[in-house]
Amino acid sequence: MVTLAEVAQHAGVSASTVSYVLSGKRSISATTRQRVEESIRELGYHPNAGARALASNRSNIIALMIPLRTDMYVPVMMEIAIAVATTARTHGYDVLLLTGEEGPDAVRRVTRSGLADAMILMDVELEDERLPLLRGTDQPSVLIGLPANTDGLTCVDLDWTATGALCVAHLAGLGHRDIAVIGEAPAVYERHTGFAERTLDGLRSRAREAGVRVLHRPCEGGYDAMALTLARIYDERPGTTGFVVQNESAVEPLLALLRQQGRAVPEDVSVVAICPDQVAVQASVRLTSVAVPAQEMGRRAVEHLVAKLDGRGGDGVVLLAPELTERASTGPASATS
């Protein structure tokens, strides 16, 4: 294992000079810095994490709090987590993944123990119990999600309100007047999870403006749950010709059930999904969709967090604009509907 002294000997400098290059605590000439960095690369030197933390009073670790609940679509959550981890590495940080549902207790543990220099929180609720603790600490943090009150917080998210509005506008523009929204599992709404609530707000607001009726029904996902939900929708709104699906697990069951009922997509019924592009293009009917920009959300969250760690960033909200891609699942409302 290469030591700091060996790097110093290879570069022809003192051990303290190598230490200053690594820590950035003192100004080192560009020529000397380049020589030290070349020696580090050639010898494959990696500073001892414990010693580096003691010297810099930093762990160079970012804590990512991502509760993995059964009612959430885990692939999207993990795509964000991978983007966080890879972006963090480019800035010299490792990621500590906290997947339990500890809520405020996990925030306390991280802030009091010095486990990490900063935190990224996911699965944000409108009235999230973790937020008072974040506001009460000096430790930098970023939320991937949007609570009801963003004062004193840094948030990165898709503009879910605009996403809901965009879905309704697309279907209304095709002449659909009765739209059913197949949502996430009921527990997601019971927790008042931000992305789900804000999508509904956008859907309903744009529907009122367009003179469109919207019926929202949560769904656990899976074939049996979707069958019950679809039966309920057509019992209550038999003239439904447009669907917005914000539940990846319900996409394929919905398409299968519509086929069984003799409802052609898009000739009789149009479907818009809010989902990753991979889900949309691999469905049995290529779905018109609004993509979830998971990688972009993760990347931006880390960049804002690193800026705060470096003293360059302040609080604020960054909302990514939604983009709707038309595919084979939407068309004009049937003249007989």
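Colleague: Which residues point one way from E6, and which the other way?
Modeller: Asp178, Ala180 and Ile182 point one way from E6. Ile179, Val181 and Gly183 point the other way. All are buried, meaning under 20% relative accessible area; exposed is over 50%, and partly exposed lies in between (1.4 Å probe, protein chains only). This is a predicted model: local features need pLDDT of at least 70, side-chain atom pairs count only at pLDDT 80 or more, and totals for chains, interfaces and linings use all residues. Residues are numbered from 1 along each chain as its sequence is written, and side-chain values use heavy atoms, with hydrogens and water left out.

Colleague: How many of the residues of E6 are buried?
Modeller: Six of six, across residues 178-183. Helices (H or I, at least four residues) and strands (E, at least two) are DSSP runs, numbered from the N terminus.

Colleague: And what does E6 pair with over six bridges?
Modeller: Strand E7, residues 213-218, in the parallel sense. Strands pair if DSSP finds at least two bridges between them. Ile179 has Val214 as its bridge partner in E7. E6 also runs parallel to strand E8 (residues 242-245), joined by four bridges. There, Val181 is partnered by Val244.

Colleague: New topic. What order do the strands have in the open sheet of six?
Modeller: E2-E1-E3-E4-E5-E11, with parallel pairing. E2 (94-98) and E11 (316-320) stand at the edges with a single partner strand each, so one side of each lacks a neighbour in the sheet. On average, neighbouring strands are turned by 20° against each other, direction ignored.

Colleague: How many bridges hold E1 and E3 in parallel?
Modeller: Four, between residues 61-65 of E1 and residues 118-121 of E3. Ala63 has Met119 as its bridge partner in E3.

Colleague: Which strands does H5 lie across?
Modeller: E1, E2, E3 and E4 (141-144). H5 runs at about 155° to E2. Axes are lines fitted to C-alpha atoms, for helices over the stretch in contact, and angles run from 0 to 180 degrees between N-to-C directions. H14 packs on the sheet too, touching E1, E3, E4, E5 (154-158) and E11. The direction of H14 makes about 165° with that of E4.

Colleague: At what angle do H5 and H14 pack?
Modeller: About 40°, with axes 8 Å apart. That makes H5 oblique to H14. Angles under 35 degrees count as roughly parallel, over 145 as roughly antiparallel, 65 to 115 as roughly perpendicular and the rest as oblique.

Colleague: Which residues in H5 meet H14?
Modeller: Val76, Glu79, Ile80, Ala83, Val84, Thr87 and Ala88. In H14, they meet Ala294, Gln295, Met297, Gly298, Arg299, Val302 and Glu303. The residues of this contact divide into eight nonpolar, three polar and three charged. Ala, Val, Leu, Ile, Met, Phe, Trp, Tyr, Cys and Pro count as nonpolar, Asp, Glu, Lys and Arg as charged, and the others, Gly among them, as polar.

Colleague: Where is the place of Val18?
Modeller: In helix H2, residues 15-23. Val18 is buried, with a relative accessible area of 0%. Leaving aside neighbours within four places in sequence, Val18 is in contact (heavy atoms within 4.5 Å) with Leu4, Val7, Ala8, Val13 and Val36.

Colleague: How many helices and strands in the protein chain?
Modeller: 14 helices and 12 strands. The C-alpha trace spans about 85 × 40 × 35 Å along its principal axes. Of the 337 residues, 49% are buried.
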